[in-house]
Amino acid sequence: MGKIGAFVAGGAVGAIVALLYAPRTGEESRAMVADKANEAWGSAQEMGAQAQAKGQEFYNNVSTRGQEVYANATAGATDAINNAAGAINDAAVKVEGARGNVKPVFTEKNDELREKIEAARQRIASQVAKNAEAAKDAADEKIPAEAEAAVDAEAQVHDADAEEKDEAEGKKDKKDKKDK
């Protein structure tokens with residue numbers, strides 16, 4: 001609007017200056033000014049129409065371009081979503097396949113581990129049985145020796161008791177003889 005206003009203002013100033021310096025009569029000058037004003041008004045209307053047409057054309061171009069950008073963005077987003085969904089499905093298939101492959105390996109490893117644990121239990125049970133048998137044999141060998149030692153000790157105690165008894169009786173007899 002600034003250029004058009006400047007143009008119209010410039011035309012008005014030019015018309016006024018022309019009137020002041022014109023060597024014509026007032027009537028001729030008024031007629032000439034009216035003609036010039038009508039020409040300027042027509043030019044201004046023509047320029048306004050052209051500006052309106054150019055504005056409408058610009059609006060249409062921008063609107064069309066905006067619709068194209070929106071359509072391209074929508075198509076691109078749809079493609080991206082479809083690609084992502086495909087990638088997720090592919091990953092899910094791969095994970096499922098890996099899970100199918102891993103599960104037998106874990107089962108196999110678990111079975112191997114159970115077998116090793118069972119073998120270790122059997123070895124421990126066998127060793128405990130051997131140790132118990134060895135302890136029993138050692139105890140059986142020790143018991144007769146200890147029993148014999150106990151019998152010998154009992155005999156010694158019995159002998160010592162008998163000696164003490166004999167001594168005590170001997171002393172008693174001596175005392176009784178002395179007292180008599």
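Trainee: Which helix gives the most to the lining of the largest pocket?

Mentor: Helix α2 does, with eight residues; helices here are DSSP runs of H or I, at least four residues long. The model is predicted, with local features requiring pLDDT of at least 70 and side-chain atom pairs pLDDT 80 or more, while totals for chains, interfaces and linings use all residues. Residues are numbered from 1 along each chain, and side-chain values use heavy atoms, without hydrogens and water.

Trainee: What makes the contact of Arg65 and Glu68 a salt bridge?

Mentor: The N to O separation is 3.4 Å. A salt bridge requires a side-chain nitrogen of Lys or Arg within 4 Å of a carboxyl oxygen of Asp or Glu, so the pair qualifies.

Trainee: How do you know that Arg121 and Glu118 form a salt bridge?

Mentor: Their closest N and O atoms are 3.8 Å apart, and the pair therefore meets that criterion as well. The two residues are separated by about one helical turn, because they lie three residues apart in helix α2.

Trainee: Why is Arg121 called exposed, and Glu118 partly exposed?

Mentor: By relative accessible area with a 1.4 Å probe and protein chains only, buried means under 20%, exposed over 50%, and partly exposed in between. Arg121 has 55% and is therefore exposed; Glu118 has 38% and is therefore partly exposed.

Trainee: Is Tyr21 buried or exposed?

Mentor: Tyr21 has a relative accessible area of 70%, so the residue counts as exposed. Tyr21 is found in helix α1 (residues 2–21).
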